Amino acid sequence: TQADFGVVGMAVMGRNLALNVESRGYTVAIFNRSRSKTDDVMAKHSDKKLIPSFTIEDFVKSIAKPRRIMLMVKAGAGTDAVINELIPLLDKGDILIDGGNTFFKDTIARNARLADSGINFIGTGVSGGELGALKGPSLMPGGQKEAYELVRPIFEQIAAKATQDGKPCVTFCGENGAGHYVKMVHNGIEYGDEELIDETYNIMRNVLGLSVDEMADIFKEWNKGELDSYLIEITADILTRKDDLGSDKPIVDMILDRGNNKGTGRWSSGDALEVQVPQSVITEAVYARYISMMKDERVAASKVLNGPAKKVELPEDKKELVEKIRQALYFAKIMSYAQGFEQLRFAAKQYNWDFDYGKLAQIWRAGCIIRAGFLQNITDAYDKKPDLTNLLMDDYFKDIANKYQEAVRDVVALAVKAGVPVPALSAAVIYFDSYRSEVLPANLLQAQRDYFGAHTYQRVDKPFDQAFHYPWYAEG
Ligand code: NDP
């Protein structure tokens, strides 16, 4: 028998994805550049409907046409290497699927290049880590729609199912690089969520002086309400864990404060600059990781640069303050998603995609790292108004933002007074204030630009398409 589906790359993601597909009743061909990983899979899963191959030629031959082949290899050069080996062996109509964390512009280029040879190319975001790949990831495919239809039954079976309505967490995102774009923004949002949670932890710890145990209980409590999400849940769990190497300290106190990254947050921020849309919460989260990496410099600076001389005054009962921090976190999370979806809207214009925003929120409800109860509210917002400009213009989000703004102002002010950095929380409230400002000081900016560079300006009393230049130097 020939395989229904093929997977290249038997590292943790590819292996688990292959097992996930197999578990739905399919026969899966598997291949890895170096033999040992394939041997290992077969040693552990000899009872499964897997067809191992040790040359790429045998691998291709073992799959039924039109072939559906998913690449789960190291993104970048790895993906190109595998594609180049596969191209001469494939037939018109075959479908290559790249499930790696690929930069969307690479996917656009590969899609165009392969289309010339009649081979379909689907770039798909895969979120949820190794467990997601095995049990049900969130999938964000983009490419040729007709080709996706041939992959859809499998993707819908292997994807995570939302707890709300059992719907699979997969939807066709759009042409060429649309899926990888959506995954990129998803990853940026993930950076933002993590940083915002980390900042609230920092305030509770270093301003309120709460213990790790107390914070574990607080996050557990928060997870029962509006903040209900995977990241809050694991944060609560992390804070209960003790050091596994012998000390009696919480494990968080033994982990070095250097935040690593694989570059996807940077891509997201970089493209926000490109499509000219503010995405400050996520970008501050990226910067927060960068400054955290400068540990040696920070240690040196901490010895010579002073924080505020006066200690902040705290109320006797910290409960009210903890509630304010919770509200600040939810407020900031909403700003971050408002920015993320705004970025998708701008990108859609720039790259010619037609996103179904409600569906995008829908497929993040399960399987992925940012899964959270509140994604349902985003879906509802776009269901009500598919052409919604910004999440903040939806009643639910507008009401929360208006209600929680006092809390976020108090919390950010307190942190600033105490000298505890809150870059993402501050960015959130600043975005809110900018977005709701009927008038910004860009009038003065335009005057400056016109003064030194004759860049012209528009007037409040004339149509936008008319340009004016002021005679700044007329009197000599
Ligand atoms: P890695 O990203 O560590 O990649 C290792 C795999 O790539 C191995 O199978 C390796 O083969 C293969 N490979 C690397 N270079 C080449 C090459 N030049 N030619 C052929 N094969 C090559 O594996 P992961 O399983 O962690 O991830 C796979 C993909 O999924 C990546 O793109 C990753 O970004 C993405 N991803 C990962 C997630 C995660 O949580 N880990 C989540 C979502 C997506 P060999 O064994 O021969 O070295």
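**Briefing: domains and ligand shell**

UniProt, in an unreviewed entry, lists residues 179-473 as "domain: 6-phosphogluconate dehydrogenase C-terminal". The model described here is predicted. A ligand is present, and 24 residues surround the ligand.

**Domain layout**

- The protein chain is split into three parts: domain 1 covers 5-176, domain 2 covers 183-435 and domain 3 covers 441-476.
- Between the C-alpha centres of domain 1 and domain 2 there is a distance of 32 Å.

**Contact between domain 1 and domain 2**

- Domain 1 has 24 residues in contact with domain 2, and 19 residues of domain 2 take part in these contacts.
- On the side of domain 1 that touches domain 2, strand 6 (120-127) and strand 7 (138-142) each contribute at least two residues.
- That side of domain 1 consists of 10 nonpolar, 11 polar and 3 charged residues.

**Shell around the ligand**

- Among the 24 residues that surround the ligand, the closest are Met-13, Arg-33, Gly-78, Gly-100 and Asn-101.
- Two or more residues of the shell come from each of helix 1 (12-22), helix 4 (77-86) and helix 6 (129-135).
- Helix 4 provides the largest share of the shell, with 4 residues.
- By class, the shell around the ligand contains 11 nonpolar, 9 polar and 4 charged residues.

Note on methods. Residues are numbered from 1 along each chain as its sequence is written. This is a predicted model: local features need pLDDT of at least 70, side-chain atom pairs count only at pLDDT 80 or more; totals for chains, interfaces and linings use all residues. A residue is near a molecule or strand if its C-beta atom, placed from the backbone, lies within 6 Å of it. Ala, Val, Leu, Ile, Met, Phe, Trp, Tyr, Cys and Pro count as nonpolar, Asp, Glu, Lys and Arg as charged, and the others, Gly among them, as polar. UniProt positions are given in the numbering used here, feature names are shortened, and annotations may be inferred rather than shown by experiment. Domain bounds come from an automatic or database domain assignment. Two residues are in contact if their C-beta atoms, placed from the backbone, lie within 7 Å.
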